[in-house]
Amino acid sequence: MELRLACRWVTLLLCALPRLRAAGDLPLCQETDYYFEYTECDSTGSRWRVAIPHRQGSCSGLPEPVRGTDCTFSCEAGEFLEMSSQQCTACAAGSYSLGSGVRFDQWDSIPAGFSSLATYMEPEGSGDESLSCNNSSWTPQGSHLESNRDECTVSLVYAVHLMKQGSVSFDYQYVDNNVFFEFFIQNDQCQEMDQTAEQKWIKLTSNGEWGTHTVNLKSGTNILYWRTTGILLGGKPVKPVLLKNIQIEGVAYTSECFPCRPGTFSKTPGSSSCDLCPRNTYSNKGASSCTPCPEAQYSEEGWAECKERPPCSEKDYFQIHTACDSNGKTQVLYRWVEPKVCVEDNVTGTVTLPPSGEKEDCPPCNPGFYTHNSSTCLPCPPGTFSDGITECQACPAGTEPSLGYEYKWWNILPRNMKTSCFNVGNSKCDDMNGWEVAGDHIRSGIGGSDNDYLILTLRVPGFKLPTSVAGVTASEFGRITFVFETICSADCELYFMMDVNRKSTNVVESWEGTKSRRAYTHIMTKNASVSYTWAFQRTNKPSDVRRYVNDIVKIYSITVTNALDGSASSCHACALVSQESGSSCVPCPAGHFIDKDTNQCQECPPNTFLSGHHIYGEEACQQCGPGSKSNKEHSVCFSDCSFSHTDQNRTLTYDLSALSSVGSIMNGPSFTSKGTKYYHQFNISLCGPEGRKVAVCTDNVTDLSSKDLQSESAALNNYVETFVCQSTIIPADGRGFRTALSSQSISLADTFLGATVESTLDGVSVRPDLFPETSRKLPDINFFYRSPRITASCEHGRSAVITLRCNPEKGERGELTVSSKCPAGTCDGCMFYFLWESSSACPICTEADYHSIEGACKGGMQDTLYVWNEPKLCTKGVSLPEKSSAPCEAVPLWLKVGIGGGAFMAVLLISLTCYFWKKNKRLEYKYSRLVMSANKECELPAADSCALAEGEGEENEDDVVYSNTPSLLGKLKAIASKQGEGESSESVQLKSSQAERWVWG
C-alpha cells in the first residue's frame, strides 16, 4: 500500500515537472479550484487527505497532504464528512444522509455506479442472431425500477467497497413465477459469496404488495447482482419485477448529502430521510418545504407537479348500500371517489351526483347468523344453527353443528374480511375501498386508476374437523368455494391467492378477460392459519386515469367449511357413545363410519376408503379401484406393487416392487417462440409406501434429488409432493450468467384410481394411438390417476395414465417415455400419458413358462433338459429345474412288439403267397393238359361226350370239380378262348363218382 502511494506521488511529480517553470505565473488555487479526496488505506488502516484540482494546471499552491481520519470512521445518519475540516457536519434542510450508508430512491434514470447487463438464453433452437438482448434492461420508472418483460437474462449490477461489515436492503414486488428473480453477491475475484437459498432466491409477493429483502455484507469489495430471467412458455408476457429503495450500510463515509427528490422535502437540518409532500402540494428537487397547488389544480401525495382538475363524470362516483337501520331498511347512495379531484361547476360536460335511491328491505342474514334488533346480524351461539332467516336453534340429539362461513348476502362486509386498494406507481387509491357490497354480491370498486390492484381478503384462523372425524388421518381439513364472474373490455385479470401462516402469498389460480358465472373450489390439505385474497386489476399497463371503470368482477358467494371460528347453518349426524338419551358425540376411530341405525362407529369393509369427511352411513365407505387396496385407516387406496390378471384360464401375477422408487423422465428439449430451451421433467411414484406420495417437484432447486434442498426450499418456493408431478427445467447458461432453474411445479396425480388391463377407468381413458403396439401377447397394465384441482384450462382437473409394458430387454427399472405425438407428455394440457417398459412389468414365471427336452438313450441312461419358452416373457418366480437323468433301454418294449409282429406278418404273407402260387401253377397245369387232350382226341367229338378216360394223365386221387362260377383266372382264360375260337363254350359239373367229361355247346 505504501509503495503504491509513493508511486502515485512520483507520477504526479513527474507530470508536474514540465509546468514548474510556469507555476510562478499561475494564480494561487482557491477553494473552488480543487476538491479533497482520501487515498487508499494502507496496511495500518491509515490514509491521507489530498487536494485534487478540478482542472490540471489551472492554479498553483494546492494544500499539502495531511493525515486523514481512520479508515473505519463514519458519521451518523443525517451528517456528512466535511473534507476541509474532516469533521462531521449536519445536512442542510432539503437534503439527507445515511451517515455510513447510501440510499437510492429516485429512479428517473439509472444512478451512477449501476449498470445493466443483458444476455440471452442460448438460442440453440432457432439460431437467429437477431434474437439479441441489446434492448433488454432494467428501466427506471420514476419511483421504482422495472425489470425486462422478455426472455433475456438481465442483471442490475452495483459495486461497493465497505470498510466494515454492513448490509444491503431493498423493496421489491415479485408476483409472477414465470420470472426467476435472484439476488447474489460476488467479491472482487468474481467469486460468488456463500448464501443460503433463502438469501439468493427472492420470495414471491402478493399482487400490489411490496416485500423487503436484507442481506449482510462483508467488508471489502461487494458486487451486487439483481438478476431476472423471463420464461415465456405459454406466450403470455411476464409481469416484471419492481425494485425501489436500495439502501447500503457500511461505507466508510459520505462526503456530501443527497438532495431530496422532487415530490419530497426535509424541513429540518440533519435529516436521514425525506418526507412525501401531502396531497395538493408539490416540490422540486432539494426542497425544504412543499408548495400548495393552485385552486384549479390538484396533486397526489409525493407529486412533483400539479395537474388541472378534470370535469366530473360517471367515472368519478360510485354507489354503496347503507347498513340496515332499525327498521330493517337499506338504501342505495352515491358517493364521490375520494379524494375528489374533479370539478362540478362552470365546466362544460360535467355531471352531478345522482340522488339517493329509495329505501328497501335489507337482505336476510347469512346462514349461521340471526337478526338482532332488526338491523344487525350476529353469529349463532355454539351448538346452534340458523339458515339466516329463522332464529338460532339447538342441534337435535345425535347431531353436531357444521361450522364454517357461508356468505351469500352482502349488505355489510363480514368482520373477518377487509378490502383495500394499491397501486405500484402512486398512492392515489391507498385510502379507497377496493370492493363494494351490493346486496346479492360484492363487486370490485372504481379505484384511482385502471392499473390499481383492488384487493379483498378473507382471514381464516384455522380449521376444526367435526367431532366424529377428529381422529381420522385427514387429507382434507376444509375447503373454500366461491361463485364469481368477470365483465371486461380490456386485459383485466382476477387473482385468487393464499397466504399460509403469514409466510408468503402464492397465486392459486387466475382468470383473464370476461368469464361467465362459475364456481371454483380449493381444498386445504393441512390445518393452518390462512388468508385468502382476491386481487382484481383492470389492466396491467401503466395508467394514471380511469378508462375501464365498467370492467368489474362480482363474487356472489363464498363458503368455507370447518372454519375454526365459524357459525353453523345446519347440523350433521355424529357418533354417540351409546344409544341412551343425552349421550354425547364422540370421534370415530380412523376408518370407521357412523351406522345410521345405531349412530355408533363401525369399521369400513376391507379395501374401501372414506370419501372426504362424509362418514354417515356405510355408503361413505367407497370401494377401492381395481388393483388397489386401502390402508389401515381407510383413508386412501394404493397399489402394493403387486398385480394379477386372468388370461385364457391362466392367472398372471406381477411383482412391480422394482418400480416402487420414484421414476423420472426429462423430455425435450423444447423451445419457446424466441428460442429459449427448456425441458419438462416428470417425477412418478407408481406404487408402494402405503399410498404416501413420494414424487417431489420443487421450484428454484437445481438438484431435485437433494432432500436437504427440498426441506430448505419447502417454505420458500412452490413445493409439490404427489404421485406424478411436473417441473419446467431451464438448463444452466454455459457462460456462467445463470444456473439451472426449475419452475412451474404442478401436481398431475393426487388420487390413485386403480390399475387394470382395461383401457378405461372412472372416466379416464388410454389413447392406444400414442404409443406403438406391442408384438407380444401379454396385455399392458394401466395405472390411472387423477388430480381433482380445477384450473382455468382444465375444468375437470388433470389426469394421468402410466402404461406398464413387459419388455425383458429394458431391465428391472426399465425406461420411461412419452409419446412422440405429444412430446410434452400431454396433447391438451390436462391428460398426461406415459409408457414404462420394463422386465418388471412381465408376469412372475411359473411352470407353464418352460418345457422339457429329452435326450437320446446312451449307455442305458437318458438326460432331460428344461428350457424357457421363447420369447421369455416372465421374470422372477420359479427357476428352471436342473438337468435330470433316468435309466432307459436300448430298444423299447413297444418297439420290440412292433418288430416281432411285423416279422410274423411278413413270414405269413410270404407263406401264403408261395402256397397260392403253387396252387395256381397246379391248376394251370391241369388246365393245359385238358386243353391239349381235347385238341388231340376230340377234334370231332361225339354228340354226347368227348373226354379223357378216367384216371388218364392224373393221379387217381385227384378230383377236379368245375363250378358254373369260374375263378378270376378262369374268366381270363375263357375270354381268351372266346377271342381265339369265336365260339361260346360252357362247362358243367362232373360228379366225382363218374368219369369227367366236357360238354360243348
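**Entry 1. Confidence.** I began with the confidence of this predicted model. The protein chain has an average pLDDT of 80, and 83% of the residues score at least 70.

**Entry 2. A sheet of three strands.** I next examined an open sheet whose strands follow the order E67-E68-E69, with antiparallel pairing. Which strands form its edges? They are strand E67 (850–854) and strand E69 (884–887), and each pairs on one side only. From one strand to the next, the twist averages 25 degrees. Strands of a sheet pair through backbone hydrogen bonds, either parallel or antiparallel. Here, E67 and strand E68 (residues 861–868) run antiparallel and are joined by five bridges. Looking across this pairing, I found Tyr-850 opposite Trp-868 in E68.

**Entry 3. Salt bridges.** Side chains of opposite charge can pair when their charged atoms come close. I searched the whole structure and recorded 17 salt bridges. I followed up the pairs below.

*Asp-361 and Lys-329.* Their side chains meet in a salt bridge at 2.4 Å, N to O. The pair links distant parts of the chain, with Asp-361 in strand E27 (residues 360–361) and Lys-329 in strand E25 (residues 329–330), 32 residues apart. I count Asp-361 as exposed because its relative accessibility is 54%, where exposed means over 50%. Lys-329 is partly exposed, with a relative accessible area of 30%.

*Lys-876 and Asp-655.* In this salt bridge the closest N and O atoms are 3.3 Å apart. Lys-876 lies in the loop between E68 and E69, whereas Asp-655 belongs to strand E53 (residues 650–655), so the pair ties together parts that are 221 residues apart in sequence. Lys-876 is partly exposed at 36% relative accessible area, and Asp-655 is partly exposed at 25%.

*Asp-780 and Arg-805.* I found these side chains meeting in a salt bridge at 2.9 Å, N to O. Asp-780 is in the loop between strand E62 (764–765) and strand E63 (781–787), and Arg-805 is in strand E64 (residues 798–806), so the pair ties together parts 25 residues apart in sequence. Are these two residues buried or exposed? Both Asp-780 and Arg-805 are buried.

Terms used:
Residues are numbered from 1 along each chain as its sequence is written. Side-chain values use heavy atoms; hydrogens and water are left out. Two strands pair if DSSP finds at least two bridges between them. Helices (H or I, at least four residues) and strands (E, at least two) are DSSP runs, numbered from the N terminus. Axes are lines fitted to C-alpha atoms, for helices over the stretch in contact, and angles run from 0 to 180 degrees between N-to-C directions. pLDDT is the predictor's confidence in each residue, from 0 to 100. A salt bridge is a side-chain nitrogen of Lys or Arg within 4 Å of a carboxyl oxygen of Asp or Glu. Buried means under 20% relative accessible area, exposed over 50%, partly exposed in between (1.4 Å probe, protein chains only).
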